[in-house]
Amino acid sequence: MKKIYLFFLSICSLGLGCKEFIEPSLDDRKVILLAPSDGTETKDYTQIFWWENVEDALKYRLQVVSPGFNSTTKLIVDTLIKGNKFKYTLDPGSYQWRVRAENGSSRSAYTIAGLTVYPTSITEQQVQLSAPANNSLTNQSPVLFKWLKLFSADKYQIQIDADNTNFTSGTTLFLDKTTTNLEYAVSFTKDQAYQWRVKAYNGALESKWSAVQTINYDATPPPAVVLTAPANNVSSPKPVTLKWNASTGAKKYILFVYKGDVSIPYNSTFPLSQTALSYTFNLGNSGEKILWEVKAVDEAGNVSASGELRSFTIQ
């Protein structure tokens, strides 16, 4: 162990990337909170918690409680994130929030700040959307749209626009519904981008519309993969290079290799996911028959139909 430690020290002294071998400790680092500053008093229910990045930190633990960490009655947020900002909608009340930096082997102390949120009219507030993430891509239907509770709201209106003009085109909406829930399931039948927004109501009063977010729906699989080499039912020496053509829209390919018949994968390596258009097969014994096929997968996760199933015999 001592020899290994001295080896690392010698590398560090030569300036050859000490951090690649020894992860720096965060024990003595301090997280600087930026907003909301300690003692903030506000009528804005939605807050963006923001802090300075800490060198060598890989993630941050954010906690929000009410009314404070010394007399906690409610845990509001306890999350681990990679960035240095987190948006959340609070009810009126007193809160404390804290952040610590973390990496794989250490963590800093928490830094704490407090804020008070005062009640105000719902007309001054805005609904915060939570899922799906903005500009996300999915092939699932129905899609479950979610948003955070807004204090004093008794119902919510969700609108979905297929024109992608930020609801300014004036044409008929794809969806315009009211619900008392904090989520709404929607089934899409057409591959395209959709925009959505939500606002809250308290009796005759209504909040501002949320920010407009986009979701992309794609349920169409890529074309079946065309195999190119080796030809079907040939005899070939090892290694055997399996080749296929690119499939339009494919992000990756799944290679299936079978022993004897399609019910038995050759070994635990298969099926194998990869982005290349070829694979070098260097297994098996002379006279053994191998079957193989390839399927394409696009960015949304759609899998192509089965194409040609080929075989070869190892010489």
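Let's start with charge: the mean positions of the chain's 31 positive and 28 negative charges lie 5 Å apart. Here Lys and Arg count as positive, Asp and Glu as negative, with His and the chain ends not counted; each charge is placed at NZ of Lys, CZ of Arg, CG of Asp or CD of Glu.

A quick heads-up: this is a predicted model, where local features need pLDDT of at least 70, side-chain atom pairs count only at pLDDT 80 or more, and totals for chains, interfaces and linings use all residues. Residues are numbered from 1 along each chain as its sequence is written, and side-chain values use heavy atoms, leaving out hydrogens and water.

Now the overall build. The chain has 1 helix and 25 strands (DSSP runs: H or I of at least four residues for helices, E of at least two for strands). Its radius of gyration is 28 Å, well over the 20 Å from the globule rule for 315 residues, so the chain is more spread out than a compact globule. That radius is taken over C-alpha atoms, and the rule is 2.2 Å times the number of residues to the power 0.38.

Next, the inside. Of the 315 residues, 39% are buried, meaning under 20% relative accessible area (1.4 Å probe, protein chains only). A nonpolar core joins buried Ala, Val, Leu, Ile, Met, Phe, Trp, Tyr and Cys residues through side-chain atoms within 4.5 Å.

| Core | Size | Among its residues |
|---|---|---|
| Largest | 40 residues | Trp51, Trp97, Phe145, Trp147, Ile160 |
| Second, separate | 18 residues | Val240, Leu272, Trp292, Ala296 |

Ile160 touches Phe145, Phe167 and Trp196, among others, not counting residues up to four places away in sequence; contact means heavy atoms within 4.5 Å.

Notes:
Buried < 20%, exposed > 50% of the residue type's maximum accessible area, 1.4 Å probe, protein only.
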